[in-house]
Amino acid sequence: MTTGTSHAHGPRMQFAKAAPEVYKAMVTLDAAARKGVDPTLAELVKVRASQLNHCAFCIDMHTKDARAAGESEDRLYLLNAWEEAGDLYTEKEQAALALTEAVTVLTDGFVPDEVYERAAKHFEERELAQVIALIFTINAWNRIGVTTRMVPGAYKPTV
């Protein structure tokens, strides 16, 4: 959904200061969504959704967090082509990435049964619910980042 125009201008607002209660609620939601989800898988999901949503701030943040947690450069570089990357990602990770794409894009207005069923084979119901929560939470963060034009680059992981 590119328009051919550049977004080389500064941020529109500091969302955390303009809507502090919403920001705090998002931070709480984010923490709740991550519970019980493998941290490596969580970062892959966050980076992939952020790539699809063109959120440079979140891509920057979550690739740095993934690296700090020990994620390999190869897996990060090839994440946008994970389906073509062979055995670089586990079947469980591939199922989560397919679900991430389906939930993020909602191409035909729904998540296809085969994508959901693929994920359900690899995750128990509670963990699957957490992964779905993680996906919709990063999508909300992406929409905040893209709308307010958060500037990437300055984020430092706290690991």
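This is a predicted model: local features need pLDDT of at least 70, side-chain atom pairs count only at pLDDT 80 or more; totals for chains, interfaces and linings use all residues.
Is Thr100 buried or exposed?

The chain has eight helices and zero strands. Read along the sequence, the pattern is simply α-α-α-α-α-α-α-α.

Now the overall dimensions. The C-alpha atoms fill a box of roughly 45 × 35 × 30 Å along the principal axes.

Next, the contacts. Take those between residues at least 6 apart in sequence: 69% of them join residues at least 24 apart.

What about the surface? On charge, we have 17 positive and 22 negative. Their mean positions sit 11 Å apart.

Inside, 40% of the 159 residues count as buried. That brings us back to the opening question. Thr100 is buried: its relative accessible area is 0%, and the cut-off for buried is under 20%, so the call is clear.

Where is Thr100 in the fold? Helix α6, which runs over residues 91–105.

What does Thr100 touch? Leave out residues up to four places away in sequence, and the list reads Val45, Arg48, Ala49 and Ile135.

Then there is the polar end of the side chain. A polar atom of the Thr100 side chain lies 2.7 Å from the backbone oxygen of Ala96.

To recap: Thr100 is in helix α6, buried at 0% relative accessible area, with its side chain 2.7 Å from the Ala96 backbone oxygen by a polar atom.

Notes. Residues are numbered from 1 along each chain as its sequence is written. Side-chain values use heavy atoms; hydrogens and water are left out. Helices (H or I, at least four residues) and strands (E, at least two) are DSSP runs, numbered from the N terminus. Buried means under 20% relative accessible area, exposed over 50%, partly exposed in between (1.4 Å probe, protein chains only). A polar contact is a pair of N or O atoms within 3.5 Å; within protein, one must be able to donate a hydrogen and the other to accept it, and residues adjacent in sequence count only if both atoms are side-chain atoms. Contact means heavy atoms within 4.5 Å. Lys and Arg count as positive and Asp and Glu as negative; His and the chain ends are not counted. The place of a charge is taken as NZ of Lys, CZ of Arg, CG of Asp or CD of Glu.
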